[in-house]
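I opened my notebook to keep track of what I looked up in this structure. Here are my entries, in the order I made them.

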Amino acid sequence: MIAGCYDQFIMERTLNLDCNKKIGETVKICGWVLTRRDHGKILFLDVLDRSGLIQVVVSSGVASVHLPGEQRRHLEGEIDLHPQDVVCITGKVNKRPQHLVNKNIPTGEIEISAESIEILSKAAELPFDMGGKDLNLQLPTLLDYRSLTLRHPKVKSIFKVQAALLEGFRKAAKELGCTEIVVPTVVAGATEGGAEVFKIDYFGRSAYLSQSPQLYKQMLVPVFERVFTIAKAYRAEPSVTTRHLTESTQMDVEIGFAEFEELLDYLEGVAVRMLKIVEDECGDILSEYGIEKIAFGSIPRLSLKEAQELILKEFGRDNRKEKDLTPQDEIDLCQWSKEKHKSDFVTITHFPTSAKPFYTMPDPKDPEYSLSYDLLFRGVEVMSGSQRINNYEQLMTSMKSRSMNPESFQMYLQAFMFGMPPEGGFSFGLERITMHLLNLANIREASLFPRDMERVDIRLNK
RNA sequence: GGGGCCGUAGUGAACCGGUCAUCACGUCUCCCUGUCACGGAGAAGAUAGCGGGUUCGAUUCCCGUCGGCCCCGCCA
């Protein structure tokens with residue numbers, strides 16, 4: 001063993017943020033070079049690891065640098081370190097003099113005086129500048145270099161928020177007593193809703209990619225009573241928009257022995273719980289993105305008819321003949337809710353039965369309309385759901401009225417044949433909530449590796 | 001499916017019917033012991049997406065094509 005390397009091999013790694021607690025001690029940190037500021041005889045490096053960044057001071061003639069297996073050599077002015085190089089740096093944690101404190105970073109009161117720098121991996125020249133606060137790239141460039149752009153702190157933080165959404169959803173669903181389930185994405189039945197589906201070759205026969213975990217979560221209600229799942233959904237809609245992906249992530253809940261009003265309580269409860277967790281865990285990210293605190297006032301509930309009357313009365317647009325809200329209606333309703341109820345949410349109920357999938361329960365008082373609901377958040381629908389038809393005959397009738405073939409849904413129908421309690425559920429679009437929570441311009445920014453008509457990681461040839 | 005807009009160094013943008021196509025960041029060389037999006041001096045890097053047309057002359061105007069972005073519809 002080379003004597004000089006000994007310390008470095010046995011020394012445990014310290015996370016950048018934890019250096020705050022190790023002032024005066026010699027530590028080893030590991031991470032990526034984010035930026036370098038070269039002052040000739042003194043060089044500053046911002047080194048980033050999973051806990052954040054820290055400033056490293058490299059003084060000429062003091063620090064040594066080496067590649068793995070290479071002899072250490074002392075620096076004489078020049079230093080071959082570049083952004084995204086992976087380094088392990090041993091050095092002393094020093095408190096910065098008062099006038100040199102950087103209040104903008106959590107490690108701004110300290111810095112590391114490098115003694116030894118080991119370069120674990122050299123990075124190629126970057127195609128763009130990664131050192132800025134924002135990564136000012138056009139969307140195609142952002143996605144063409146996805147494995148690199150995701151490393152940028154501001155881009156990465158989108159997915160920290162997304163992780164918090166997932167965690168918040170899991171927590172909220174578990175608190176309701178839901179069991180987590182994993183459901184298939186290869187399915188036999190062609191379609192359940194209006195969306196186009198992907199047809200796949202399945203050993204010479206046809207199968208499809210699931211457009212929703214809907215049918216499976218329903219089948220599992222008689223098993224667990226309450227279930228939730230985080231599932232991929234595939235839609236082959238030939239549309240290219242700011243808010244559609246061909247592969248998306250849905251967060252779904254389905255609850256037995258629950259009827260309409262109670263379901264509304266559950267869905268609003270889950271949404272609020274989930275977003276409160278995100279605010280708690282990612283408050284700093286939300287403020288960096290310039291996002292206002294979420295207004296958690298009491299959530300107004302309006303039927304579609306009531307909402308449309310309100311739009312006419314408050315905003316002067318007569319959309320009473322429409323089967324759904326327009327995008328502008330959703331924006332206006334949320335603005336109204338925020339002003340009148342101090343809530344960023346609005347629940348809209350009773351959409352026309354004809355506009356909803358076959359499993360949606362028509363309102364017994366007025367079967368033209370259904371026991372369905374959408375949750376609007378800051379001007380956009382982020383969740384939808386309904387009470388379901390739980391009677392076998394009624395379900396068969398509903399399918400036939402939509403020219404669906406019950407033969408294709410045998411397994412699903414079994415669940416109803418053998419005893420299904422009153423039930424319902426709801427579903428959130430993960431990428432869509434992420435996008436709107438952070439006010440991103442395009443949903444592709446809210447997916448690690450977005451799939452759309454023109455891209456599956458790389459651009460597809462036409 | 002309908003409509004609008006855009007293609008200029010590695011990246012992001014600007015200008016212009018007429019001499020070397022401009023700027024910022026990045027890259028390279030040099031200077032700098034206190035920067036934190038460091039600073040300073042210099043250099044390299046673009047046949048202006050492609051094809052055609054109008055014109056004495058096109059990166060600029062027009063048409064086509066390919067690529068991209070956005071809005072509406074569909075949809076979650």
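Before anything else, I needed a rule for naming pieces: helices (H or I, at least four residues) and strands (E, at least two) are DSSP runs, numbered from the N terminus. I also noted that this is a predicted model.

**Entry 1: the whole chain**

I started with chain A and found twelve helices and 23 strands. Its C-alpha atoms fill a box of roughly 85 × 60 × 45 Å along the principal axes. Chain A has 462 residues, and 36% of them count as buried. I then looked up contacts between residues at least 6 apart in sequence, and 64% of these join residues at least 24 apart.

**Entry 2: around the RNA**

Which elements each supply at least two residues of the surface near RNA strand B? I wrote down strand S1 (26–38), strand S2 (42–49), strand S3 (52–59), helix H2 (139–144) and strand S19 (380–387). In total, 52 residues surround RNA strand B. The closest are Gly 40, Phe 44, Asp 129, Ser 239 and Thr 242. I sorted this surface by class and got 14 nonpolar, 24 polar and 14 charged residues.

**Entry 3: Leu 34**

Next I picked Leu 34, which sits in strand S1. Is Leu 34 buried, exposed or partly exposed? Leu 34 has 18 C-beta neighbours inside 10 Å, so it counts as partly exposed. Buried would take 20 or more, and exposed 12 or fewer. Skipping neighbours within four places in sequence, I listed its contacts: Asp 46, Val 47, Leu 48, Leu 53, Pro 83 and Gly 131. I looked at Gly 131 again: it is 97 residues from Leu 34 in sequence, yet their C-alpha atoms are 5.9 Å apart in space.

**Entry 4: H4 against H7**

Then I turned to helices. The axes of H4 and helix H7 (residues 260–288) come within 8 Å and cross at roughly 155°. That angle makes H4 roughly antiparallel to H7. The crossing of H4 past H7 is right-handed. From H4, the residues that meet H7 include Val 161, Ala 164, Leu 165 and Phe 169. On the H7 side, I noted Met 274, Ile 277, Val 278 and Ile 285 among them. By class, this contact has 13 nonpolar, two polar and six charged residues.

**Entry 5: H4 against H12**

H4 (residues 153–175) also pairs with helix H12 (residues 430–437): their axes come within 10 Å and cross at roughly 125°. H4 and H12 are therefore oblique to each other. I checked the hand too, and this crossing is right-handed. H4 brings Ile 158, Val 161, Gln 162, Leu 165 and Leu 166 to the contact, while H12 brings Leu 430, Ile 433, Thr 434 and Leu 437. I counted classes here as well: seven nonpolar, two polar and no charged residues.

Most residues other than glycine have a negative phi. Which way does phi go at Phe 203, positive or negative? Phe 203 has a positive phi of about 50°, and it is not a glycine. I found Phe 203 in the loop between strand S10 (199–202) and strand S11 (205–209). It is exposed, because 5 other C-beta atoms lie within 10 Å.

Arg 378 also has a positive phi, near 50°. Its loop lies between strand S18 (372–377) and S19. Arg 378 has 22 other C-beta atoms within 10 Å, so I put it down as buried.

Key
Residues are numbered from 1 along each chain as its sequence is written. Chains are lettered from A and ligands numbered from 1 in the order in which they are written. This is a predicted model: local features need pLDDT of at least 70, side-chain atom pairs count only at pLDDT 80 or more; totals for chains, interfaces and linings use all residues. A residue is near a molecule or strand if its C-beta atom, placed from the backbone, lies within 6 Å of it. Ala, Val, Leu, Ile, Met, Phe, Trp, Tyr, Cys and Pro count as nonpolar, Asp, Glu, Lys and Arg as charged, and the others, Gly among them, as polar. Two residues are in contact if their C-beta atoms, placed from the backbone, lie within 7 Å. Axes are lines fitted to C-alpha atoms, for helices over the stretch in contact, and angles run from 0 to 180 degrees between N-to-C directions. Angles under 35 degrees count as roughly parallel, over 145 as roughly antiparallel, 65 to 115 as roughly perpendicular and the rest as oblique. A crossing is left-handed if the near helix is turned anticlockwise from the far one by less than a right angle, and right-handed if clockwise.
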